[in-house]
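Please look over the sequence and the model shown here before reading the notes that follow.

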Amino acid sequence: MGSTEDLDYPQIIVQYSNGFLISKVMFTACELGVFDLLLESGKPLSSDTIAAGLGVSTMGMRRLLDACVGLKLLAVEMTQEGALYRNTEISNVYLTKSSPKSQYHIMMYYSNTVYLCWQYLADAVREGRNQYERAFGVSSKDPFGAMYRSDEEMLKFMAGQNSVWSICGRDVLAAFDLSPFRQIYDLGGGGGALAQECVSLYPNSTVTIYDLPKVVQVAKEQFVSPEEHQITFHEGDFFNDSIPEAELYILSKILHDWDDDKCKQLLAKVYKACKPGGGVLLVESLLNEDRSGPIETQLYSMNMLVQTEGKERTAAEYSKLLKAAGFGVIQVKRTGKLYDAVLGRK
């Protein structure tokens, strides 16, 4: 075993310590509209022009732009007139609001909501519960009551989740051949992005988004066009209200919000409602069986601690929950991306 001198501890610690700074630079450039302005301009711009266009200080903007260059979110070219900045391809695709794959909304949710909860991570670890009361002064006993504490917060959360499915939805829905399932319920389907991906991938299927009445109202008004006839809605609370019969139920990022008892309660209801031969598709970020990674999933599990009652789990843990509810043949597919798929059959 090598000595401690063989390990570059200072560099590792610096990288980890700078993680917050790095993400905040990206979030701030998104929030101020840097990437949108550069996309709309169609040509490289000087820091003075960008600052004037966004109504911010020239000194602050120059530093922000240079930091974005260091993060490879922007490129810079030196001309006789001075430095000119332009978006990189990754920024055009993922950081501009107008892009179909834009991650703007989930970044704003992280920047303005999630980070406030993470300020109290040490308290969450000490107490083993979410930190909405400290962060926002609302009760931590009802996580989604806290998440949806205002119409604005609910809209931000729904838009953020839609951002995620715009880049991850097709991978999880194509993990298994779901074409035999024509009647699908998306439990907690929120803004409908996963449902839209589903009917696009499986055009002979219909998807019903089952969610709280106020969520359904916003989804209809903001996200899902009435012209999308393959998508319908069902208002209700799937823990307290009945679940209609269907061939397939999708639970995307639902079980990770809850403890094992709540998961068993919900899955038992789903199993009872499910048609014979039907199934349930769990979409979650899976931990390795030895819990050694992936690091993204480990961090998501910490986020579940500060925001919900749940946790991220291994494939074996999800399989155990499905079996306890009565589901038989269980298949697991790791997509190699952020989210994976687990299919249980009745």
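A polar contact is a pair of N or O atoms within 3.5 Å, where within protein one must be able to donate a hydrogen and the other to accept it, and residues adjacent in sequence count only if both atoms are side-chain atoms. This is a predicted model, in which local features need pLDDT of at least 70 and side-chain atom pairs count only at pLDDT 80 or more, while totals for chains, interfaces and linings use all residues. Residues are numbered from 1 along each chain as its sequence is written, and side-chain values use heavy atoms, with hydrogens and water left out.

**H256**
- The UniProt annotation "active site", from an unreviewed entry, covers H256; such annotations may be inferred rather than shown by experiment.
- H256 is found in the loop between β6 (246–252) and α14 (260–273), where helices (H or I, at least four residues) and strands (E, at least two) are DSSP runs numbered from the N terminus.
- With a relative accessible area of 6%, H256 is buried (under 20% relative accessible area, with a 1.4 Å probe and protein chains only).
- A polar atom of the H256 side chain lies 3.2 Å from the backbone oxygen of K253.
- Not counting residues up to four places away in sequence, H256 touches residues including E284, M304, T308 and Y318 (contact means heavy atoms within 4.5 Å).

**T308**
- T308 is found in the loop between α15 (295–307) and α16, and at 4% relative accessibility it counts as buried.
- A polar atom of the T308 side chain lies 3.0 Å from the backbone nitrogen of G310.
- Among the residues that T308 touches, not counting those up to four places away in sequence, are N130, P143, H256 and D257.

Definitions and conventions:
Buried means under 20% relative accessible area, exposed over 50%, partly exposed in between (1.4 Å probe, protein chains only).
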